[in-house]
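Subject: Structure for your review

Dear colleague,

Please find the structure below, together with its sequence. My findings follow it.

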Amino acid sequence: MTCRASRLIATFAATVVACASLFATSAPTASAAPTTQTPVMGPSLLTAGELANWYDRHHGSNAPRIPALGNNVAFLAQIFINAGNAEGVRGDIAFVQSMLETGWLSFSGSQIPANAYNYAGIYAFNGRSSLSTCSHGDSEPSRCMGSPAHGAKVQMQLLRSYADPSTSSLSGRLISAPSDRVGAAPLWEYFGGHNCPCGKLIWASADDYGLILIRMYSEALAESGKAGACVPYAPPSGGTKWGRGYWEVTTDGAVHSFGAAKFLGDRRGQPLAAPIIGAESLSDGRGYWLLGRDGGIFTYGRAHFYGSTGGMRLDKPVNGMERTRTNLGYWLVADDGGIFTFGRAKFRGSMGGKTLWQPVMGMERTRSGHGYWLFASDGGIFSFGDAKFYGSLGGRRLSSPVVAMQRTVSGHGYWMMTQGGRVFPFGDAKTYGDIAGCTNYGGASRMLVTGTSKGYWIETLTGAIIPFGDANPLGFPTSVSGFPVALMRTR
């Protein structure tokens with residue numbers, strides 16, 4: 001690929017992107033775990049107009065050189081989106097990649113001329129003689145693509161070949177990755193140097209080439225008024241970050257630990273009478289409980305067993321759990337709002353036996369531990385004990401059901417979050433962002449508030465964990481085998 005970095009790197013980091021031959025034979029000796037989960041395949045989140053506006057803000061003194069399109073960047077961006085849709089590749093990120101590869105469409109210092117319509121440096125091997133024009137063709141393999149549409153199509157097919165193993169059996173392809181790398185790089189961050197776990201060189205010899213693209217794309221999203229969190233990458237920011245560690249739990253009973261959170265055991269590979277649907281950690285982080293849909297309780301570390309509804313005949317299955325302030329008991333809540341108390345957890349009331357428009361999705365304890373809130377999928381809130389009502393989403397028209405609720409540290413407010421990833425604050429809760437409109441995650445599952453209430457993490461259905469506000473980005477699994485159902489933090 002062509003080396004294009006000087007103007008971009010001045011914006012993001014003092015790094016030189018060294019480009020690799022498309023068919024490089026030397027492979028990295030080590031691999032690095034990805035720091036994001038940004039797939040090559042998927043829908044574009046930005047429109048052609050938004051990409052063109054982003055280009056206008058960043059290209060500096062470089063004039064775009066797209067002769068066949070009258071130098072219209074928006075027209076080129078639409079071609080990328082269309083070509084991406086045809087291959088199932090994220091055409092908007094591919095467009096961003098081309099800004100890096102072509103020096104913001106200036107082709108300054110490139111061995112490829114503007115009328116090559118080659119936006120990814122394809123066949124521009126290091127050391128190959130520069131080509132001043134494509135008017136008289138090029139030696140094989142030709143770097144001249146003939147038109148912007150053909151150039152974008154070749155780029156998309158090559159990207160898909162690296163990401164999608166099924167392309168090895170497709171016929172009539174214009175280009176393919178080396179046979180030992182087809183399907184080896186489904187994520188953009190695998191495209192640089194030692195970043196691919198496959199141990200192969202993918203697109204560029206410099207480490208973190210893919211991360212540079214992701215940073216650029218995240219900036220384009222933010223500047224377009226879309227959630228930068230649609231790319232699970234948090235650029236360094238000022239201010240103190242809160243949180244030393246957390247655990248992510250999935251329906252198959254797997255527990256994934258990050259940061260200072262220690263792995264204390266899980267139910268992977270063990271029989272389950274019902275899927276895991278929740279979890280709670282001790283206040284000191286030295287243990288946790290896993291909760292089954294039948295109300296079964298599994299204890300780990302210093303978490304004690306105080307009883308369960310496992311084996312009991314229930315009118316409705318259990319849907320949530322909350323520990324007491326002292327860690328000496330817990331409540332379970334069922335779909336119908338019924339409450340079950342264990343240990344020193346005291347009964348403060350329930351919705352059991354009452355008519356509900358929608359099922360109860362979970363509960364949240366007050367700061368004192370002398371009350372709790374129940375929340376329903378329609379955003380209805382039910383307060384018991386010393387829990388105060390600060391508002392609800394009941395009666396509002398929602399595009400997706402409510403799946404999570406968290407109170408503020410003060411206890412004078414709370415957040416509610418829909419499956420679509422939109423966060424609603426009540427009382428003294430403040431909004432720090434959300435993933436509403438991010439179609440790449442499949443939706444949101446849970447949220448977890450920091451100890452300052454100045455931020456939170458959102459757990460997505462893909463297993464990604466996105467930080468907001470002062471939430472410390474501690475990572476997430478590269479893949480999960482079940483649906484994420486709980487997010488627990490250490491102190």
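A residue is called buried here when its relative accessible area is under 20%, exposed when that area is over 50%, and partly exposed in between. Please bear in mind throughout that this is a predicted model.

By that criterion Tyr330 counts as buried, because its relative accessibility is 0%. Tyr306, in contrast, has a relative accessible area of 25% and is therefore partly exposed. These two residues form one of the 25 aromatic pairs that the structure holds. A pair of aromatic rings is described by the distance of the centres and the angle of the planes. For Tyr306 and Tyr330 the ring centres are 5.8 Å apart and the planes stand at 65°, so the pair is edge-to-face; the cut-off for that class is an angle over 60 degrees. Tyr306 is located in the loop between strand S5 (297-301) and strand S6 (318-323), while Tyr330 belongs to strand S7 (residues 329-334), so the pair ties together parts that are 24 residues apart in sequence.

A further aromatic feature is a cluster made up of Phe80, Phe95, Phe107 and Tyr119. Phe107 also deserves a remark on its backbone: its phi is positive, at about 60°, although the residue is not a glycine. Phe107 sits in the loop between H4 and H5 and is buried, with a relative accessible area of 5%.

The loop between H4 and H5 also contains Tyr123. Tyr123 is another residue other than glycine with a positive phi, in this case near 70°. Its relative accessibility is 16%, so Tyr123 counts as buried. Pro141 is likewise found in the loop between helix H4 (91-102) and helix H5 (148-163). The peptide bond that joins Glu140 and Pro141 is cis, with omega at about -5°.

Within helix H5 itself lies His150. With a relative accessible area of 30%, His150 is partly exposed. Not counting residues up to four places away in sequence, His150 touches Met145 and Leu174. The C-alpha atoms of His150 and Leu174 are separated by 9.7 Å, and the two residues are 24 places apart along the chain.

Turning to helix packing, helix H2 (residues 48-58) and helix H3 (residues 73-87) pack at an angle of about 130°, and their axes are 8 Å apart. H2 and H3 are therefore oblique to each other. The crossing of H2 past H3 is right-handed. On the H2 side the contact involves Ala48, Leu51, Ala52 and Tyr55, which meet Val73, Ala74, Ala77, Gln78 and Ile81 of H3. The residues of this contact comprise 8 nonpolar, 1 polar and no charged.

Finally, I draw your attention to Leu374, which lies in strand S10 (residues 371-376). Leu374 is buried, its relative accessible area being 0%. Setting aside neighbours within four places in sequence, Leu374 is in contact with Val333, Gly337, Ile339, Met351, Val360, Gly362, Met363, Gly380, Ile381, Phe382 and Phe384.

Yours sincerely

Technical notes
Residues numbered from 1 in each chain as written. Predicted model: local features only at pLDDT ≥ 70, side-chain atom pairs only at ≥ 80, totals over all residues. Heavy atoms only, no water. Axes fitted to C-alpha atoms, helices over the stretch in contact; angles between N-to-C directions. Helix = DSSP H or I, 4+ residues; strand = E, 2+ residues; numbered from the N terminus. Parallel < 35°, antiparallel > 145°, perpendicular 65-115°, else oblique. Left-handed = near helix turned anticlockwise from the far one by under 90°. Contact = heavy atoms within 4.5 Å. Nonpolar A, V, L, I, M, F, W, Y, C, P; charged D, E, K, R; others polar. Phe/Tyr/Trp six-rings, centres within 6.5 Å; stacked < 30°, edge-to-face > 60°. Buried < 20%, exposed > 50% of the residue type's maximum accessible area, 1.4 Å probe, protein only.
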